Amino acid sequence: TGLFMGSGRAISMAGPSVIFVYMLIGAVIFLVLRAMGEILLSNLRYKSFSDFTTDLVGPMAGFFLGWSYWFMWVVTAVADIIAIVGYLHMWWPDLQPWIPALAVIGVLLTLNLVSVKNFGEIEFWFSMIKIVAIVALIIVGGGMIAVGFTSPSGAQASVANLWNDGGMFPNHLLGFLGAFQIAVFAFMGSELVGTTAAETKDPEKTLPKAINAVPVRIMVFYVGALAVILMVTPWRLVSPDKSPFVAMFTLAGLGIAAHIINFVVITSATSSANSGIFSTSRMAFGLARERSAPQFLGKIGVPRNALFLSAVMLLSSIVLLYAGDSISRAFNLVTTVAAVLVIFAWAMIMVSYLMYRKKFPSRHKKSKFRLPGGRFSAWLALAFFAFTIGVLTMNEETLMGLLAMPIWFVILGIGWVFKRRADARRHEAISTRTAQIAIVEASEIFSAR
């Protein structure tokens with residue numbers, strides 16, 4: 001969703017330099033994935049980055065990370081719902097926003113309540129559609145560039161569009177930095193590649209292969225697609241409020257293709273929302289099993305209570321659609337919150353790596369899949385994340401989302417205090433019960449004598 005819808009805003013701010021934004025952030029994310037891969041392979045009992053954060057940094061860090069990651073996917077799914085409403089405006093401009101929002105939430109909740117098989121089946125087809133669409137867009141766009149296609153508006157497809165209008169950095173450094181927020185959001189979820197390590201048949205082979213393939217995928221699906229769009233469509237003609245993928249064919253006068261791509265981006269956003277509902281319900285279930293969430297969320301089987309909680313949280317998308325003056329403004333607000341949360345998750349992975357190097361130097365020496373650059377790369381990534389948070393203060397819309405985050409961490413702090421007290425009471429009850437049993441057993445032995 002960040003790529004299909006959010007990149008329009010990124011292009012309008014950064015111009016052609018948006019390509020370098022995605023390359024830079026993609027390179028940092030690759031370092032995060034390599035650090036995560038090294039830690040996971042050092043101890044195959046770790047099932048995810050939340051597990052090793054709890055072990056290496058501490059239970060409080062694991063608690064904060066687990067709930068923040070759950071909230072991140074809730075916010076992401078809200079952004080997806082908002083994006084779907086925005087896409088549907090192309091076909092039904094007078095449709096009330098609450099109707100498609102409620103319909104999508106209802107359909108996805110129903111499908112996930114029945115069986116986990118539905119999730120896998122839906123995601124297979126959704127993923128196939130968007131992958132084929134991006135590859136097709138690159139091929140068609142490449143053909144338009146090769147023949148020098150001229151749109152009805154007079155814009156000619158050419159490689160020179162990358163630098164003809166103000167150069168590669170038409171809005172200078174501020175424009176370049178302004179694209180960071182949505183680019184970070186677009187890469188969110190890449191860390192999920194490491195959560196399957198404990199479930200693969202041969203993680204020592206599979207995990208490195210998956211992580212090392214990430215740069216190639218970034219260059220094709222992100223950089224390649226954006227480069228083609230910028231060559232076909234001069235960057236000033238890209239609207240910040242619409243999908244540049246749809247706009248490329250609309251400006252080219254290819255109405256049918258534009259409608260097809262609009263269908264693709266709707267399925268992509270629905271796919272992401274579906275993943276959000278699925279992942280948040282499972283995360284809430286896992287937190288409940290660890291006694292970090294209410295126990296009613298941890299019932300065995302399809303986690304219906306957790307699914308209902310996720311669906312209720314998604315209803316906030318309807319409020320946001322009516323609270324702001326535009327769909328794009330609501331989208332920018334929630335994607336900023338999601339971006340901050342995922343930066344926190346990535347930063348905790350790097351902090352965990354530094355603690356891993358400190359606590360288990362022997363594991364690092366034995367590792368066959370090390371983070372390139374070691375501690376230097378970890379500190380470099382952390383500095384980059386701090387810099388990115390600073391960049392978010394430079395824009396009024398992203399600043400609003402950023403200022404909301406301290407409230408979330410205060411809530412988590414309060415939650416942690418209650419969890420500690422509940423754990424203490426439970427341990428005290430167990431100790432008391434154990435002592436009572438010991439006294440009874442001792443009395444029985446004494447009486448027998």
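Nonpolar patches here are made of residues with over 30% relative accessible area and no salt bridge, with nonpolar side chains joined within 5 Å. The structure is a predicted model.

**Surface patch**

By that rule, Trp 98, Ile 99, Leu 102, Val 312, Leu 315 and Tyr 322 make a nonpolar surface patch of about 550 Å². The most is given by helix α5, residues 98-114, which supplies three residues.

Glu 38 is found in helix α2, which spans residues 18-42. Glu 38 is buried but has no salt bridge. The nearest side chain of opposite charge belongs to Arg 357, 5.5 Å away. A salt bridge would need a side-chain nitrogen of Lys or Arg within 4 Å of a carboxyl oxygen of Asp or Glu. Apart from neighbours within four places in sequence, the residues in contact with Glu 38 are Tyr 353, Tyr 356, His 364, Ser 367, Phe 369, Arg 370 and Leu 371. Arg 370 is thus among the contacts of Glu 38, although Glu 38 has no salt bridge.

**Aromatic pairs**

The count of aromatic pairs comes to 25. Two of them are set out below.

| Pair | Distance between ring centres | Angle between planes | Arrangement |
|---|---|---|---|
| Tyr 69 and Trp 73 | 6.5 Å | 85 degrees | edge-to-face |
| Phe 180 and Phe 387 | 6.2 Å | 75 degrees | edge-to-face |

Planes over 60 degrees apart count as edge-to-face, so the 85 degrees between the rings of Tyr 69 and Trp 73 puts that pair in this class. Tyr 69 and Trp 73 are four residues apart in helix α4, residues 59-88, and so are separated by about one helical turn. Both Tyr 69 and Trp 73 are buried.

The pair of Phe 180 and Phe 387, with 75 degrees between the planes, is also edge-to-face. This pair links distant parts of the chain, its members being 207 residues apart. Phe 180 is in helix α8, residues 180-187, and Phe 387 is in helix α17, residues 374-392. Phe 387, at 42% relative accessibility, counts as partly exposed.

Phe 180 and Phe 387 also belong to one aromatic cluster, together with Phe 20, Phe 169, Phe 176, Trp 346, Phe 384 and Phe 385.

Key
Residues numbered from 1 in each chain as written. Predicted model: local features only at pLDDT ≥ 70, side-chain atom pairs only at ≥ 80, totals over all residues. Heavy atoms only, no water. Helix = DSSP H or I, 4+ residues; strand = E, 2+ residues; numbered from the N terminus. Buried < 20%, exposed > 50% of the residue type's maximum accessible area, 1.4 Å probe, protein only. Lys, Arg positive; Asp, Glu negative; His and termini not counted. Contact = heavy atoms within 4.5 Å. Patch = residues over 30% accessible without salt bridge, like charges linked within 9 Å, V, L, I, M, F, W, Y side chains within 5 Å. Areas by Shrake-Rupley, 256 points an atom, 1.4 Å probe, with all protein chains shown as cover. Phe/Tyr/Trp six-rings, centres within 6.5 Å; stacked < 30°, edge-to-face > 60°.
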